[in-house]
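Have a look at it first.

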Amino acid sequence: MSRTLSLVTKPGSKLLNRFLILPCPNPILHQSSRTLETLAFEEVLSSPDKPYTYTAFILHGLLGSGRNWRSFSRSLASSLSGWRMVMVDLRNHGKSAEITGLSPPHTIGSAARDLADLVKSKGWDWPDVVIGHSLGGKVALDFARSCARGDYGEHACLLKQLWVLDSVPGKVDPEESDGEVEQVLQTLQCLPSSIPSRKWLVDHMMKRGFSKALSEWIGSNLKRSGDQETWAFNFEGAIQMFNSYRETDYWSLLDEPPKGMEIAIVRAENSDRWTQDTIQRIQRLAAKRVDEADGKVSYHVLSKSGHWVHVDNPKGLLQIVTPELASIT
């Protein structure tokens, strides 16, 4: 029997954010000016003096935000020429959690349509690449599938590359899912509604067996509200998205990728969410011989990393992604 994760939202809990900070002085970060109904985002450009030619959307995972990907995006942009990286806050996360127009249902499909609405509202060209981690990986898969099916209109363009970072493409059986992400959610559910300080939270998480890096990331997702610390995300909405993440299945997209699109699956070496059957299925798809114009699947393993890929091995992830993006012409 399937079950969904049902968590009680504490009074006073509000919003959250996510990941890594790496020094990289060259690319220029731009805060967005957005209308009320579109997703919040930030941009990183390869060069402030030259127009960009290519665009990549960067999608965070559950309980994250675009700002957690600033360091990775800066490093990626600085190693390429003519690129714009758009770090998006998905619905219920980061600054997008404050947007009242992003109404239910809070599903993977709704989150993907938000991306299309952002492109249309800004009058942008459609992105060349989408890179999504964890929950963001499934949002990226849904976005790519919907573009291919024409769900966003005839002007929607197919991606050249789709990167899915440590996100299983099929359904996740709740009875077999008791990994680190679920443990984090259960721990957060049991926290008091008023968190004394960031240091208190980090110490609390470490006492419960979480790594220092992960505990500090969780602590970075607090924001000050008066004399209290509150979350920078909509916890209840995020849980609804997580349940949708576990229920969605995109194997059909991997079985027949749209022409000209590469779907790159990155598995973190020490991640706890991959079964041997899933790994072998992806390896078989990646080994298929295809014509140059056809869609294809590629498979990569990020060594020395658990699920939180930019916390554990951001340099290794850059080494995987950068040459592939550089090959786009």
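Ring pairs join Phe-41, Phe-57 and Trp-124 into a cluster. A pair here means rings of Phe, Tyr or Trp (its six-membered ring) with centres within 6.5 Å; planes under 30 degrees apart are called stacked, over 60 edge-to-face, and the rest tilted. Before going on, note that this is a predicted model, where local features need pLDDT of at least 70 and side-chain atom pairs count only at pLDDT 80 or more, while totals for chains, interfaces and linings use all residues. Residues are numbered from 1 along each chain as its sequence is written, and side-chain values use heavy atoms, with hydrogens and water left out.

By that ring rule, the count comes to 11 aromatic pairs. Here are two of them:

| Pair | Centre to centre | Angle between planes | Type |
|---|---|---|---|
| Phe-41 and Trp-124 | 5.1 Å | 80° | edge-to-face |
| Trp-217 and Trp-308 | 5.2 Å | 35° | tilted |

Phe-41 sits in strand β2 (residues 41-45) and Trp-124 in the loop between α2 (108-122) and β5 (129-133), so their pair ties together parts 83 residues apart in sequence. Helices (H or I, at least four residues) and strands (E, at least two) are DSSP runs, numbered from the N terminus.

Buried means under 20% relative accessible area, exposed over 50%, and partly exposed in between (1.4 Å probe, protein chains only). Trp-217, at 4%, is buried, and Trp-308 counts as buried at 6%.

Next up is Asp-142, which lies in helix α3 (residues 135-149). Asp-142 counts as buried because its relative accessibility is 7%. Its side chain makes a polar contact of 2.7 Å with that of Tyr-250. (A polar contact is a pair of N or O atoms within 3.5 Å; within protein, one must be able to donate a hydrogen and the other to accept it, and residues adjacent in sequence count only if both atoms are side-chain atoms.)

Ala-156 is in the loop between α3 and β6 (161-165). With 14% relative accessibility, Ala-156 is buried too. Leaving out residues up to four places away in sequence, Ala-156 touches Trp-126 and Cys-147, where contact means heavy atoms within 4.5 Å.
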